[in-house]
Amino acid sequence: MYFSLSITKSPMHNKKTSKRESRLPGAEKGQLKDSLRDLIADAERYDYGDFRAIKRSAATLRLLFYDTKRQTSLISNLNDKDKIIMQSFNPKVKYNRGLNYGSVYVACFKTNKNNEFYNTFLFKPNSKRTTTFEKWWDERLFFVNDVNHTTQLTRSKIIITIANQDGGAHFDENIDSLYKNITSGDTGMSLEPSRGTSYLLGYDSTKAGKPIHFKDLTLAYMREIVHETILSLQSYYGLSNIPYTPNFKYNWSRRINYMAWQFGLKPE
């Protein structure tokens with residue numbers, strides 16, 4: 001038995017003839033749906049205890065929203081950046097000085113190692129509002145501000161730093177110092193070990209012997225950003241047929257601190 005085969009060479013096969021071609025109509029919408037499904041998958045892993053999984057979403061969010069001289073975001077390709085309505089679960093703050101952590105709460109977890117605890121934060125969605133993309137992108141989720149110094153963390157800063165430096169799409173040897181210090185808990189509030197502190201944390205903090213810092217604030221903010229993005233895309237583009245069932249109760253029920261509480265310092 002004999003077969004006859006023919007081989008057709010693509011123009012891309014020869015580098016000299018390689019060129020960029022326009023995509024087929026609707027290609028952006030297909031990528032939009034793929035991006036939405038990726039965000040939902042990362043959110044689900046986070047919601048069931050795999051907190052670091054949400055870092056992968058930074059690359060997807062960068063693709064969706066980040067414009068530079070060399071690249072155009074997917075939302076800009078769709079000509080929707082000035083039109084899209086973004087949902088925000090970050091409460092509006094009317095003061096500039098002081099300390100504000102937004103819509104995240106302290107959460108403490110027991111690790112697999114004896115007498116070791118993971119002191120971190122969880123995003124808990126409360127009141128919702130809508131805003132323009134530009135305001136949403138550059139809105140402060142965290143700030144600490146006194147007379148001499150201001151530190152703040154925006155959605156854009158979190159997304160781009162994680163995507164470009166901290167494992168979202170690339171892992172750099174060096175990392176932005178502001179992001180690093182907030183992630184490690186060196187910037188922000190800490191607690192001195194005491195009986196009162198032990199009650200707040202849900203474990204005996206007096207054995208710690210040093211100030212207790214709360215880590216990975218940026219992961220909680222990433223979960224907030226992903227939640228807002230999924231809901232905004234579903235609403236604006238009519239993609240509610242792609243199922244999204246967030247489970248904020250699972251991690252919340254596993255925490256060992258007795259009360260839901262936040263850091264904050266409002267000037268008088």
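Select helices α1 and α8 first. On the α1 side, K29, L32, L36, L39, I40, A43, Y46 and D47 meet L219, A220, R223, V226, T229, I230, L233, Q234 and Y237 of α8, where contact means heavy atoms within 4.5 Å. By class, the residues of this contact are twelve nonpolar, two polar and three charged. Here Ala, Val, Leu, Ile, Met, Phe, Trp, Tyr, Cys and Pro count as nonpolar, Asp, Glu, Lys and Arg as charged, and the others, Gly among them, as polar.

This is a predicted model, in which local features need pLDDT of at least 70 and side-chain atom pairs count only at pLDDT 80 or more, whereas totals for chains, interfaces and linings use all residues. Residues are numbered from 1 along each chain as its sequence is written, and side-chain values use heavy atoms, with hydrogens and water left out.

Now display the helix axes. Helix α1 spans residues 27-47 and helix α8 residues 217-237; they pack at an angle of about 140°, with their axes 10 Å apart. Axes are lines fitted to C-alpha atoms, for helices over the stretch in contact, and angles run from 0 to 180 degrees between N-to-C directions.

R155, I158, I159 and I162 of α5 make the contact with T218, Y221, M222, E224, I225 and E228 of α8. These residues divide into six nonpolar, one polar and three charged.

Is α5 enclosed or open? Because eight of its eleven residues are buried, α5 is largely enclosed by the rest of the structure. Buried means under 20% relative accessible area and exposed over 50%, with partly exposed in between (1.4 Å probe, protein chains only). To see the buried residues of α5, select R155, S156, I158, I159, I160, T161, I162 and A163.

Next, move to K266, in the segment after β10 (264-265). K266 is exposed, with a relative accessible area of 59%. Select L99 as well: the C-alpha atoms of K266 and L99 are separated by 6.5 Å, although the two residues are 167 residues apart along the chain.

Finally, show the whole chain. Its secondary structure comes to nine helices and ten strands, which are DSSP runs (helices H or I, at least four residues; strands E, at least two) numbered from the N terminus. Of its 268 residues, 42% count as buried.
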